[in-house]
Amino acid sequence: MKKRLIAGLVLHENLIVNSYQFKLHLPVGTLRHTLERLQDWQIDEIAIFNRTHSFDAEKDFIQLMSGLVDSVVNTPLSYGGGINSKATIDRVIGHGAERVIISASEVHSAEHLRHLSENCGEQALLIHLPITNEGGVFFIGNKKMNSVKILIEEFSKRVPYSWGGEILLNSVNHDGMHKPDFDLITHVLPYFKNRCGLILGGGFSSALDISRLMAISGVNGVSIGNLLHRKELAIKTMKDDASMDVRRYVKELE
Amino acid sequence: MMQDLQECVRCLYKSNHPLGITFDAEGICSGCRVHEEKDNLNWSDRKEKLRELLSSYRVKGRNNYDCIIPVSGGQDSFFIVHTIISEFGLNPLLVNFNRNFNSGVGLRNLAVLRQSFLADFRQVTINPKVARKVVKTSLVNLGTLNWLWIAGQTSLPVRLANEMGVPLVIWGAHQGLEQVGMYSHLDEVEMTARYRKEHDLLGVDEKDIFRFDPDFSERDITQLAYPPDEVLADSNVRGIYLGNFIRWDTVQQHKEMIEKYGYKGAKQNRTYYQYDNPDCPVYSNFQDILKQKKFGYSKVTDQLSRDIRHGRISRDKAIKINQKFIERAPLNIVEFANWLGITPAGLSLPLLNLTHDFAEEIILDRWRTALDIKLPLSSRYMKRKNAEIDLDFTNIGKGISFKD
C-alpha cells in the first residue's frame, strides 16, 4: 500500500479540536472549513474521531454529513465514534464513509473482526489503538478506557494474520506534544508483523520524524493532527520535506 | 436558547462563543485553561527562542526590511513595534489598511507611532465609495461592519510581504488563543488563511463576497486579496504571533506604551476600558450592538474575561460591570449612517433579524440561513437621496474628525 499522510481530526461537540494527551481539547473550528483546507492541500485521507458521539453512530454520521451537503469531499474519509456492530458499520459505509474506525475495545477476537467486516470488506475497517506508556509498560487504552487496559501482545492476537484492514496506533503520552514516540513504534511493530499494516500517530510535527517513520517497513502511513491547524501550508510542506508524493487532486487530471 | 448555554466558572464566556470553546470536567473553559500557561511557562526561554527566530530573518546588508508589522491607531501596535525595534533591533516596514472611518484619536496615535519609531510606513486607502459598498454588504448579509477592515488589515501585510520579498509578518496576540484557548502557546501557532476565512471573516472571504452583491467587481476587491496558496508556498511568507513568546497582557502593555510614547485612549460608552480600539468610532458602539445581538455578549465581556484571568477583578464584580455596560446606547449612530449613505432607521433593519437564536446557528454553522435578512440594497431604507460621503467621518487622514 502507498504510504499516506492522513489527517487525524478529533471532533468534540461538533467542533474540530486540538488534542493534547487525550485529556485537553482546544477548539479549532468547524469541520466544513477544516475539510476545505485539507482538500486544497491534497491530504491523502481524512480520519474523523468523534469523541462526543451519541449511542446512535449512524445518526451522528448522517448529521455530520448533512452539514456538508454543499461541499464536495473528494478525499477518502474514515469515520469513527461509537461504532460497535456490523450493522452500524454497514450503514455508515452506506452513507458515504470509505472506512469506519472502531475502537480496540470493540474488537473481541479475530473471529469477531472477520464478522464485523463480512459485508464491507476488511479494507473498510480501521482499528484505533490509543496506547499509553506507563513506566515502560505499553498498554492499549487511556484514562477514559480504564476498564480496557489490554496489553499489546494480548490484543495483537485478536487481529488475524494477513488481515486486510489497518490499525491506527496513537501514542496517548505524545498526543499533541510535538514529538513522536519511536520507542513505542519499535515495541509495537513486531506484534503486528504479518498481521496488518500500521498507521502511526501522536506528536508527529516535523518532516524529519515523518521521513523516519515512513522508512520503517510495516508502516503504511502517518496520522497528523494538531499540526494541520497551526501552520500555513502544513501538508504540502510536510510532504515536500519528507519526499512524499502529493496526491494529485482530481481537477489536475482533467 | 441563551439560558441553555454552559458558562465558564471562571470567566464570563459561554458555550456560544463564535470562535468555538470547550469546557473541561471542572467547567473551566479552554480560554482559561490556556491562560494558565502564562503563569507556568518559562518566558525568558521563550523570548530567547523568539530572538533566535527573528535573527534568522535579519537582512544582511540592510537592503530590505527585516519584517512587516501591520499597525493601527489602536490595540497593540505600539507594543509590537516597540518590541521589534527597540528590543530586538529589527528594521520593519509598518503597514496600515485605512479603515475609512477613523477617530481623531486613532489618527493621532498612528501619527505618534510613526514619529516615535521613525520606521518606514505604507498605508492603503481604498476608494471610499467601494468602502461604503463593502460595509453595507457585510452589514446586511453578515451582520458586521468590521469585515472590510479585517479583510484589508489581514491581507495587506501578507500581500506586501510576498511582493517585496520580506517573508516575515509579525502580529501581536492570536485572538483565538487569547480568548478561547484555541492553541497552547507552545504550539507557536502562525497565521493561516483558514483562520482568516473562518474566524476573522466569518466564513466569507473576498472571493465569496461577490455572491452578496452582483455589483462587485474584481477591481473592487483587489486591495482585499489574500495571496493564493501557490504564491505563498513559493515565497515562504509566514506570520508569527509575539504572544507565543512574550507573556501577553494587553493592559500592562498599554500602560507601558502610554508612559513611554503617550499612547492615547478614548472614553467609550459601552465599556470601562479606554485603550482597546479607540481608533474606530463604531467598533465599541454600533458594531458592539451587532455583536451583542448575535452572540449575547459585548466587547466589555471580552475585556472583563481578560481582567478576570489576569487576576484584576473577581467574577462576581465582573458580572455586575458587564450588565451595566451592555445596556448602554451606542454613540455615533447618525454620523455612521450619514457616512454609509443610509438613514439611521436603516441601521435598525439588520438588528431586527439578529436574535439570540442566531448564536445557535453560528455553532451549527448555518448562520447564513439564520441571517435571513438579504435585503435588496435598493430597499428604500438603505438609500439616501443625494448621499454624499461625509468627509469628516471618513477621516482618511486629511483632517481631524468630529468631537475629538
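Glu36(A) is partly exposed, with 31% relative accessible area; here buried means under 20% relative accessible area, exposed over 50%, and partly exposed in between, calculated with a 1.4 Å probe on protein chains only. The structure is a predicted model, in which local features need pLDDT of at least 70 and side-chain atom pairs count only at pLDDT 80 or more, whereas totals for chains, interfaces and linings use all residues. Residues are numbered from 1 along each chain as its sequence is written, chains are lettered from A and ligands numbered from 1 in the order in which they are written, and side-chain values use heavy atoms, with hydrogens and water left out.

The side chain of Glu36(A) meets that of Lys197(B) in a salt bridge, with N and O 3.4 Å apart; a salt bridge is a side-chain nitrogen of Lys or Arg within 4 Å of a carboxyl oxygen of Asp or Glu. Because Glu36(A) lies in helix H1 of chain A and Lys197(B) in helix H9 (residues 193–200) of chain B, the pair joins two chains. Helices (H or I, at least four residues) and strands (E, at least two) are DSSP runs, numbered from the N terminus.

On the side of chain A that touches chain B, the largest share, six residues, comes from H1(A). In total, 24 residues of chain A and 29 residues of chain B take part in the contact, where contact means heavy atoms within 4.5 Å. The two chains bury about 2400 Å² between them, 52% of it on carbon and sulfur atoms; buried area is the accessible area (1.4 Å probe) that two parts lose on being put together, summed over both. Of the area that chain A buries against chain B, 25% is supplied by Pro27(A), His33(A) and Glu232(A), more than by any other three residues.

Within chain A, strand E7 (residues 125–134) is mostly covered, eight of its 10 residues being buried. Strands are said to pair if DSSP finds at least two bridges between them. E7(A) pairs in the parallel sense with strand E6 (residues 99–103) over four bridges, and Val100(A) stands opposite Leu125(A). Six bridges join E7(A) to strand E10 (residues 166–171), also in parallel, with Leu129(A) opposite Leu169(A). The pairing with strand E8 (residues 137–140) is antiparallel and has four bridges. E7(A) and E8(A) form a hairpin with two residues between them, and Gly135(A) in the turn has a positive phi of about 60°.

Chain B has 19 helices and five strands, and 61% of its 404 residues count as buried. Arg33(B) and Glu36(B) meet in a salt bridge at 2.7 Å, N to O. Of this pair, Arg33(B) is buried at 19% relative accessible area, while Glu36(B) is partly exposed at 25%. Both belong to a network of salt bridges that also links Arg10(B), Asp24(B) and Glu26(B).
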